[in-house]
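Reader: I am new to this structure and would like a close look at a single part. Please take me through the salt bridges and their surroundings.

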Amino acid sequence: YTSLFVGSVRCVQETGTWGVILIEGKMEAVIERQVSFIDQLVKEKTELINSCEQLRTKIKEEEQKSNKKAKELEKQYKMELKKNKEAWQIAEKIMREKWEKEKTAEIKHFTNKALEPEIERMVKEHKLQLLKLEEDLNEKHKKGKISLANEYEEKLKALQKQIHPII
């Protein structure tokens with residue numbers, strides 16, 4: 001604008017008053033354009049500020065929505081995690097109990113296998129003892145019968161002697 005102003009001053013010097021009016025009109029037109037441009041810039045700035053405010057409001061709303069959604073998802077994941085943990089613990093307990101039963105059966109099986117010869121020896125020993133006891137009992141029974149028969153026989157003879165002298 002300085003070059004325009006300098007040019008205007010030269011023109012005034014050369015042309016006089018008529019030139020001043022002409023220059024004044026040009027200057028007013030330039031000033032009007034500049035004021036209009038400034039007004040347009042202010043208007044655009046206001047629109048941009050409004051747009052920024054709307055965007056900031058939208059961003060806050062979206063941030064709140066995403067925070068709420070994140071909290072809901074976290075709560076849901078915690079519940080699923082708890083449920084899965086409980087299911088895992090139950091499955092683990094069942095597997096442990098099954099393993100314990102299998103190991104107990106296996107230990108019993110191997111214990112029985114290991115003790116089987118000892119058990120058979122003990123069974124044979126007890127059978128022999130039982131046979132000996134039966135034989136001893138039978139022998140005592142026979143001796144008791146014989147002793148009893150002898151005793152009855154002696155009593156019978158004694159009674160017969162008592163009865164015969166009377167007859």
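Author: E153 and K157 are about one helical turn from each other, because they stand four residues apart in helix α2. In this predicted model, the two residues form a salt bridge whose closest N and O atoms are 3.9 Å apart. E153 has a relative accessibility of 44% and therefore counts as partly exposed. K157, at 47%, is partly exposed as well; the cut-off for exposed is over 50%. Salt bridges with shared partners also tie E118, R121 and E125 into one network.

Another pair in helix α2 is K143 and E139. They are four residues apart, so about one turn of the helix separates them. Their salt bridge brings the closest N and O atoms to 3.3 Å. For K143 the relative accessibility is 53%, so this residue counts as exposed. E139 has a relative accessible area of 44% and is therefore partly exposed.

K103 and E106 make a further pair, again within helix α2, but here the spacing is three residues, which is about one turn of the helix. The side chains meet in a salt bridge with an N to O distance of 3.6 Å. K103 has a relative accessible area of 32%, so it is partly exposed. E106 is also partly exposed, because its relative accessibility is 37%. A search of the whole structure gives nine salt bridges, among them the one between K103 and E106, the one between K143 and E139 and the one between E153 and K157.

Helix α2 covers residues 17–166, and the protein chain has two helices and zero strands. Of the 167 residues in the chain, buried residues account for 2%. A residue counts as buried when its relative accessible area is under 20%. The accessible surface of the protein chain comes to about 16,200 Å², and carbon and sulfur atoms supply 61% of that area.

Together with I38, L41 and V42, F37 forms a nonpolar patch on the surface. The four residues of this patch have about 380 Å² of accessible area together. F37 itself counts as partly exposed, because its relative accessibility is 49%.

Conventions:
Residues numbered from 1 in each chain as written. Predicted model: local features only at pLDDT ≥ 70, side-chain atom pairs only at ≥ 80, totals over all residues. Heavy atoms only, no water. Patch = residues over 30% accessible without salt bridge, like charges linked within 9 Å, V, L, I, M, F, W, Y side chains within 5 Å. Areas by Shrake-Rupley, 256 points an atom, 1.4 Å probe, with all protein chains shown as cover. Buried < 20%, exposed > 50% of the residue type's maximum accessible area, 1.4 Å probe, protein only.
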